[in-house]
Amino acid sequence: MTRLGAVGLVAAVVTALVLPLFLKGYGIYLLSMWAVLTIAALGLNLTLGYAGQVSLAQGAFVGLGAYTVALLMQAGWPFPVAFVCAVLLCFVIGWGLGYPALRVQHHYLAFVTLAFNTLVFLVLRNEEWLTHGIYGVSGIMRPALLGLSLGKPLAYYYFCLGMLALVAFGLWWMIRSPWGRAFVALRENPVRALSLGLDTRRYTLMAFAIGSSLGGVAGALYAPLVQFIEPNSFALGLSFNLLLMVIVGGSGYFYGPFLGALVSVLLPEWLRVTQGYYLIVYAAAIMFMMAVCPTGLFGLAQRAARALRTKRAPAAAALQAERTRP
Amino acid sequence: MTPVLQVSNLRKSFGGITAVDGVSFEVREGEILGIIGPNGSGKSTLFNCVLGQLAPSDGEVRIDGKPTTGMRPCDLNRLGVSRTFQLLQVFPQLSVRDNLILAGQEHKGTMASRLFGAADAGLGGQAAQMIDFFRLAHVADEPAGSLSYGQQKLLDAAMAFMAGPRLVLLDEPAGGVNLTMLANLRERLQAYHREQKATFVVIEHQMEFVMALCTRVVVLAEGRIIAEGLPQDIRKNPVVIEAYLGH
């Protein structure tokens, strides 16, 4: 990591720890939402950004996680058990959703996963005996951790932040391990990967299962955060939103989802002054950004850093250009 | 002694076209077998059938006497069969070093040890050796996509050798490589062959390269073997000259 990157990381961590102390309820709620959605986006970034498997179903896994936790807690199960069940369920279903990816890719896979998202939404809405249909599940309690109540917004925020830190560390470890290399190989050239002994089938399924289970983690934290869930929250809109977070932050960049989720959570709030026009402004901003920088904010930052370096060492850059000439 | 690779009566049709039409040959331990033939004579299809990328319509492939027809490429690779591709196939966004580590990592340990173990899967040293051997040290940490074509060809070959394979199938290693780089590549291949006692099968159009490298040559035309023998004899064979220049 460069010096600049390290400074940025430390600054971000300090801000995440200290900022909520100066915020009121709604601000803390927004930050908690950021932490939760970042976890889901990190999962999608693994599936899509690293392993190159298009998924438009991440929102459905957030829903599955949220409903699993809400319903199990309502049935009297303790939060940690419900949490583990939610994550395992999403892992298993995500593994299953990976099978179509062994046959179809790109936009065809996007449609398969889109259909799956709709299917989950319909189950949540129509299977009233299980999910209470459009009435949703209300009165979801925030859990206690080691005797400490997480009922207060600030306490729950730190809990979400802690979970985010755990998830981020786990993912960071995985991505720097041979698995991370294998996932990138899957994205860049699956045929060659196969000829180098990579069991591309297993890695594809793993990418889906792990990415989806992180959607489950996010959902399991989301339910106690909002304390009321209903099927509409987990319709296609959420999946698109999560996809947007990954792309805006920078698909395949480790820190991309952190930034993407921040933009997605905060921008609508800042654009409130425009009143009814905020969605229009938001959409236009996204279109503009995609046109000038398809690699997302981190891609932009990397380009800027490279340009700076080039200015500093033009001779080295010229040599580099010489070498890369075909 | 059992041949390293034994292909018997291999056939592959695509619809009405028979790309490989009953090909049989053997490759003995330590040999460098050249496969030559005009464009469309079925060389690459033959490779793809041997390596499990395509399912043959008929016939059998044996490696060390064991039937391997229908095995997946990744399982074959772990048996010690490695390949390079006709068109460049490196991972452009990974560094040269990571390309090499990737090429070896699936041969070590289990899925779990690859997740929880060292980031370089214990292959850092071997990758560094390979980088030196193929003279890629000055670009070792650059993304493979930024290398010149010839350097990527070298990397491609280096990747095929990373797991210490017994049998390497090289599909047009010299294609599009300039003369200086070509001499370098040939010398590296010969050095590797000498040091590791590996067996090579090489598809190539560049005649000088084949003649200098191979110990025996098989000539394919229209999916069939039309000649087989020592390089110097093949060069003079009227049937071969006819196949290349005729029609």
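Helices (H or I, at least four residues) and strands (E, at least two) are DSSP runs, numbered from the N terminus. The model is predicted: local features need pLDDT of at least 70 and side-chain atom pairs count only at pLDDT 80 or more, while totals for chains, interfaces and linings use all residues. Residues are numbered from 1 along each chain as its sequence is written, and chains are lettered from A and ligands numbered from 1 in the order in which they are written.

**First stop: the sheet of chain B.** Select the strands in the order E6-E7-E8-E3-E9-E10 of chain B; they form an open sheet of six strands with mixed pairing. Two strands pair if DSSP finds at least two bridges between them. Strand E6 (81-84) and E10 of chain B have a single partner strand each, so one side of each has no neighbour in the sheet. On average, neighbouring strands are turned by 20 degrees against each other, direction ignored. Axes are lines fitted to C-alpha atoms, for helices over the stretch in contact, and angles run from 0 to 180 degrees between N-to-C directions.

Now show E6(B) with E7(B): they pair in the parallel sense over four bridges. B:Ser82 has B:Val168, in E7(B), as its bridge partner.

**Second stop: helices on the sheet.** Contact requires that the C-beta atoms of two residues, placed from the backbone, lie within 7 Å. Next select helix H1 (residues 43-50) of chain B, which lies across E3, E6, E7, E8 and E9 of chain B and runs at about 150 degrees to E7(B).

Select B:Glu172, in the loop between strand E7 (167-171) and helix H7 (179-196) of chain B. Is B:Glu172 buried or exposed? B:Glu172 is buried, with 20 other C-beta atoms within 10 Å. A residue is buried if 20 or more other C-beta atoms lie within 10 Å of its own, exposed if 12 or fewer, and partly exposed in between, with C-beta atoms placed from the backbone. Although not a glycine, B:Glu172 has a positive phi of about 50 degrees.

Move to B:Glu222, in the loop between strand E9 (216-221) and strand E10 (224-229) of chain B. B:Glu222 is partly exposed, with 15 C-beta neighbours inside 10 Å.

**Last stop: the interface.** Display both chains: 28 residues of chain B are in contact with 21 residues of chain A. On the side of chain B that touches chain A, H3(B) gives the largest share, five residues.
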